[in-house]
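I opened this notebook to record what I looked up in the structure, step by step. I began with the whole chain and then turned to single residues.

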Amino acid sequence: MSDLFDGAIMTIFARELLEATVIIGQYRTVLFRSDDWQDPARQKEGLRAITVSALLAALVALIVTVCVAVPLAVLSRELDDRVVEIIEGISKLVAAVCILQLSLKIPKFLGVYASKKGEDGATIGLSLKSIRFNVAWNIWRELAEIGVFLIPFFLGGEAIAVPLSGLAGIAVGGLLGGIIYFANKLLKNKFWLAAFMAILLLMLSTGLFVGGCHEFEEVLGETEKVYNIGVVADPGSEDAEEHEEEEEEEEEEVVVVTYTGWSEKKLPMAIFKPFGYSAGPTQLMTAAFWIWLAFGIILHAWKYISSKKIRDAEESANAEKDGVKTLEHEETSNMDDNDLLKEEVSTDGDNSYNEFLKTVESN
């Protein structure tokens with residue numbers, strides 16, 4: 001089963017499909033909320049344009065990915081085990097970057113982080129031509145990235161894991177995309193939802209980064225373990241170190257080891273392995289965990305501070321506009337009062353002059 005499924009492949013599919021789903025949801029939201037698209041017939045035509053453009057772009061991206069995958073899968077048969085492990089390490093690092101980017105984008109999708117492009121996060125033209133082009137281009141770009149990110153897996157001989165892992169990623173990405181779409185429509189306070197999803201994805205990205213670094217470590221030589229609470233054997237013994245490595249079918253000797261309740265190979269701690277947990281981490285794994293986690297936290301803090309500055313600037317601009325409108329209104333009102341006063345003075349002057357002429361004539 002492990003040969004048919006790969007968590008890194010699933011995360012790549014989930015990330016790209018989620019972004020594609022969010023893009024489609026943004027365009028649909030604009031059509032539902034824009035005053036220019038409230039005509040039922042025109043709105044239906046716009047929604048159809050979004051659907052058709054997205055499907056055609058996805059089909060083209062799928063064809064291109066298959067055309068690239070076949071020759072790479074054939075070439076992968078000539079690679080040795082060390083090269084495969086290096087490629088697996090690269091693939092996990094790529095997946096870690098992808099998931100970290102998604103962790104930073106989730107709060108923006110939900111409106112927690114401000115976007116310079118507007119509330120919907122995209123500059124969207126409201127003509128059918130621009131909708132067709134923008135939807136097709138963005139969906140093609142997101143899905144074609146899947147093929148690019150899968151290149152290490154094709155070269156590593158793991159193409160057999162793509163179908164099942166891809167389906168799982170599509171399901172996860174579609175589910176998260178649906179949650180974001182309906183959350184934007186129904187929820188007023190989306191802060192906690194965004195915080196939960198961002199933290200979860202950041203920890204998943206950290207786990208992938210640690211796993212990728214450990215793949216390189218297995219090829220180049222492992223650093224010393226910080227501690228080992230995953231096996232019954234003495235943490236410093238050869239047996240303990242041997243059983244932390246992945247078992248291969250070609251191994252001549254099979255050693256039976258008793259794992260403790262803290263081992264990531266047993267439940268419940270196995271649930272935390274994708275998030276960077278290990279009962280026997282090496283020095284490199286420990287350093288990679290904290291460095292990547294701190295890096296993600298710093299990026300989120302920077303995004304939060306930038307969002308605050310953007311919103312403060314928007315509020316200042318809106319307040320300035322309101323102040324200008326108020327001043328113009330006051331000036332207009334003052335001008336109107338002055339004009340009335342002038343008319344009254346002018347009218348009083350004319351009446352006094354006419355009375356003077358009548359007095360002269362009577363005399």
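My entries follow in the order in which I made the look-ups.

**Entry 1, the whole chain.** I noted before anything else that I am working with a predicted model. I counted 9 helices and 0 strands in the chain, and reading from the N terminus I found the elements running α-α-α-α-α-α-α-α-α. Of the 363 residues, 36% count as buried, and the accessible surface of the chain comes to about 22,200 Å², of which 63% belongs to carbon and sulfur atoms. For contacts between residues at least 6 apart in sequence, I found that 80% join residues at least 24 apart.

I then checked the UniProt record, an unreviewed entry, which places the feature "transmembrane region" at residues 52-73, 161-184, 191-210 and 284-302.

I located leucine 59 in helix 2, which covers residues 40-75. Leucine 59 counts as partly exposed because its relative accessibility is 47%, a value that falls between the 20% and 50% cut-offs.

Is serine 165 buried or exposed? I found a relative accessible area of 0%, so serine 165 is buried. Serine 165 lies in helix 6, residues 162-186, and its side chain reaches the backbone oxygen of alanine 161 at 2.6 Å. Setting aside residues up to four places away in sequence, I listed Leu4, Phe5, Asp6, Ile9 and Met10 as the residues that serine 165 touches.

I placed valine 112 in the loop between helix 3 (81-109) and helix 4 (128-149). Which residues does valine 112 contact, leaving aside its neighbours within four places in sequence? I found Pro107, Lys190, Phe191, Ala194 and Arg311. For one of these, alanine 194, I also noted the C-alpha separation from valine 112, which is 7.1 Å although the two residues are 82 residues apart along the chain.

Notes. Residues numbered from 1 in each chain as written. Predicted model: local features only at pLDDT ≥ 70, side-chain atom pairs only at ≥ 80, totals over all residues. Heavy atoms only, no water. Helix = DSSP H or I, 4+ residues; strand = E, 2+ residues; numbered from the N terminus. Buried < 20%, exposed > 50% of the residue type's maximum accessible area, 1.4 Å probe, protein only. Polar contact = N/O pair within 3.5 Å; in protein donor to acceptor, adjacent residues only side chain to side chain. Contact = heavy atoms within 4.5 Å. UniProt positions renumbered as here; feature names shortened; annotations may be inferred. Areas by Shrake-Rupley, 256 points an atom, 1.4 Å probe, with all protein chains shown as cover.
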